[in-house]
Amino acid sequence: MKKVGLGIAVVIALVLLGGFVMNQLGDVAKAAQPGDCARISGALDNPKYQALDCGSEQANVKIAKILDWNEKTCPSGGMDYSTYTGDATLCLMPNFVEGACYGQNSDTGIAKVDCATKDSVKVAKVVSGKADRAACGDSRAAVFPEPAITFCLERGDQKQ
């Protein structure tokens, strides 16, 4: 199995740790639907939610699930979802695009970058409808069970 570089670990850590965003949603929760995308900015000190088209370069997260009032946690069985909480809790996953590279961003936690950027991570493949680490072969897999999706990740700043 190929060794996965520090860049992939950094991006995954940012998605997991930096993405646990808590703030008041207000009307966002009423309008938001699973599959919608957004930009979360001010991730560390004053999080802001901005609904965006999933094709937008600025859309860094996708709503995987909106928890019902009696649900306490996002789905398990893969990567941890980031959350955005207020009147409702949104379970968020990265809005990764196949072939694109991502890196650290102090405002949003993660952002698209040029693949030559030091410690960048490239999304080698997106497998929709399947939460299966084996789908990535030797690449690092980021698996989300609901909706089922597998992101195959490789170093972006090095030739494979």
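Predicted model: local features only at pLDDT ≥ 70, side-chain atom pairs only at ≥ 80, totals over all residues.
**Stop 1: the largest core.** Select Tyr-81, Phe-96, Phe-144, Phe-151 and Leu-153. Of the 18 residues in the largest nonpolar core, these touch the most other members. Now colour the strands S4 (61-67), S6 (89-94), S9 (121-128), S10 (140-145) and S11 (148-155). Each gives two or more residues to this core. The largest share, three residues, comes from S11.

**Stop 2: Phe-144.** Centre on Phe-144 and show what surrounds it. Leaving out residues up to four places away in sequence, Phe-144 touches Met-79, Asp-80, Tyr-81, Met-93, Pro-94, Ala-131, Ile-149 and Phe-151. Another core, of nine residues, lies apart from the largest one; Ala-32, Ile-40, Ile-63 and Leu-92 are among its members.

**Stop 3: the salt bridges.** The count comes to five salt bridges. Start with Arg-39 and Asp-107, whose side chains meet at 3.4 Å, N to O. Arg-39 lies in strand S2 (residues 37-41) and Asp-107 in the loop between S7 (101-105) and S8 (109-113), so the pair ties together parts 68 residues apart in sequence. Asp-107 is partly exposed, at 32% relative accessible area.

Next, select Arg-155 and Asp-119. Their salt bridge spans 3.7 Å, N to O. It joins strand S11 to the loop between S8 and S9, so parts 36 residues apart in sequence are tied together. Arg-155 is buried at 15%, while Asp-119 is partly exposed at 23%.

**Stop 4: a network.** Finish with Lys-65, Glu-71 and Glu-146, which salt bridges link in a network. Between Lys-65 and Glu-71, the closest N and O atoms are 2.8 Å apart. Lys-65 counts as buried, at 18% relative accessibility. Glu-71 is partly exposed, at 26%.

Conventions
Residues numbered from 1 in each chain as written. Heavy atoms only, no water. Core = buried A, V, L, I, M, F, W, Y, C linked by side-chain atoms within 4.5 Å. Buried < 20%, exposed > 50% of the residue type's maximum accessible area, 1.4 Å probe, protein only. Helix = DSSP H or I, 4+ residues; strand = E, 2+ residues; numbered from the N terminus. Contact = heavy atoms within 4.5 Å. Salt bridge = Lys/Arg side-chain N within 4 Å of Asp/Glu carboxyl O.
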